[in-house]
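Reader: I would like to go through this model by question and answer, with the cut-offs stated as we go.

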Amino acid sequence: MRGKLTLLIASLISANAIAADYTLPTNHESVIGQIQYGRLPFDGNVTKLNQNYDIGYNEIIDANPDYNFAKHMRGGTRLKIPTQHLLPNQPREGIIINLPEMRMYYFQPELGKVSTYPIGIGKIGKTIPLALAKITRKAKDPTWIPTEDIRKFNLSQGVVLPQVMPPGPENPLGPYAIYMSVPTYLIHSTIFPESVGKRASFGCIRMYQSDIEEFFPTMTQGIPIAIINSPIKVAWQNNQLFMEAHAPLEEHQTAYEATLPGTVTQIEQLANQEDVLVDWQAVSFIEKNRDGLPHDIGVRLNS
């Protein structure tokens, strides 16, 4: 009976998984996807659940603050699946990498399409710089040339890295690498899927292999990239105002845009010259309890 139940739950997870691709909303709409609920596989493998729903580790823990994911989770635990997102308040073109959200958005307006993927980012002190960049090239089965700081770190762990690592199962780039105009930083697959949604790399952007397999063929030289720091996102969905809050990166905790006053300013700027009723109590609560989910915080009155 237990084996049948395990099979049933696994099939439900696969059937309910949301794809990474969405119809590009109009300029007055910013919400994509929907919140779901799912259950852990009976082996308690959180990474497996995250990959099934195409979310990162940070997203599942933020959306389920009552659970301790540092401990082994009981199989069958029912969890909120954060598969709903606000599009960043940025020009809808090319690639947007929002570091505190640990999520990437890829806009293809000519196809009326936006895709979104969870990512892993650089550990504290190794974050990719905030920048406007471009795709320069891509490589299938890339070789890896470890930087000096990576070599030193591994040596401190008793691991001697080669000067050049050829393609293969031990190459941390995995089978796909996309190079940017920001020197030494890549978007690549990873042999460590549990690191997606974590600060684990030396600055590169890590993706699940299933995601980059879809993403990679569409990459061409010159596609623009915006690497941004937006822990708070505020956007319109028709006449409703929504807010989504993520924990700030440790090195940007005191930045104005990461604070409640910065959030208020962002809301006021977006609602400029609009007659808007804002639930400021909800804004304060969401800013304090950052669950990474879109919340309705206001309504346009002069619609």
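Reader: How many bridges join S16 to strand S17?
Author: This is a predicted model, in which local features need pLDDT of at least 70 and side-chain atom pairs count only at pLDDT 80 or more, while totals for chains, interfaces and linings use all residues. Residues are numbered from 1 along each chain as its sequence is written, and side-chain values use heavy atoms, with hydrogens and water left out. Strands (E, at least two residues) and helices (H or I, at least four) are DSSP runs numbered from the N terminus, and two strands pair if DSSP finds at least two bridges between them. S16 and S17 (residues 240-245) run antiparallel, and the number of bridges joining them is six.

Reader: Which strands stand at the edges of the sheet?
Author: The sheet is open and antiparallel, with its four strands in the order S16-S17-S19-S18. An edge strand here has a single partner, so one side of it is left without a neighbour in the sheet. That applies to residues 232-237 and 276-278, which are strands S16 and S18.

Reader: By what angle are neighbouring strands of this sheet turned against each other on average?
Author: Axes are lines fitted to C-alpha atoms, for helices over the stretch in contact, and angles run from 0 to 180 degrees between N-to-C directions. For neighbouring strands of the sheet, direction is ignored, and the average is 25°.

Reader: Which helix packs on the sheet and touches S16, S17, S18 and strand S19?
Author: Contact means heavy atoms within 4.5 Å. The helix covers residues 260-270, its direction makes about 25° with that of S16, and its name is H6.

Reader: At what angle to S17 does helix H7 run?
Author: Helix H7 spans residues 280-288. H7 lies across S17, S18 and S19, and its angle to S17 is about 20°.

Reader: What is the angle between the ring planes of tyrosine 106 and phenylalanine 215?
Author: Rings of Phe, Tyr and Trp (its six-membered ring) pair if their centres lie within 6.5 Å; planes under 30 degrees apart count as stacked, over 60 as edge-to-face and the rest as tilted. The structure holds five such pairs. In this one the centres are 5.4 Å apart and the pair is edge-to-face, because the planes stand at 85°.

Reader: How many residues apart are tyrosine 106 and phenylalanine 215 in the chain?
Author: Both residues are buried. Tyrosine 106 is in strand S7 and phenylalanine 215 in helix H5, a separation in residues of 109.

Reader: Over which ring does the charged end of lysine 123 sit?
Author: A charge sits over a ring if NZ of Lys or CZ of Arg is within 6 Å of the ring centre and within 35 degrees of the ring normal. Lysine 140 lies in this way over the face of tyrosine 176, at 5.0 Å from the ring centre. For lysine 123 the distance to the centre is 4.3 Å, and the ring is that of phenylalanine 153.

Reader: Is methionine 102 buried or exposed?
Author: Methionine 102 is in the loop between S6 and S7. Its phi is near 55°, a positive value in a residue other than glycine. The relative accessibility is 9%, so methionine 102 counts as buried.

Reader: What is the relative accessible area of aspartate 141?
Author: Aspartate 141 lies in the loop between S10 and helix H4 (148-156), and its phi is also positive, near 55°. The residue is partly exposed, because its relative accessible area is 40%.

Technical notes: Buried < 20%, exposed > 50% of the residue type's maximum accessible area, 1.4 Å probe, protein only.
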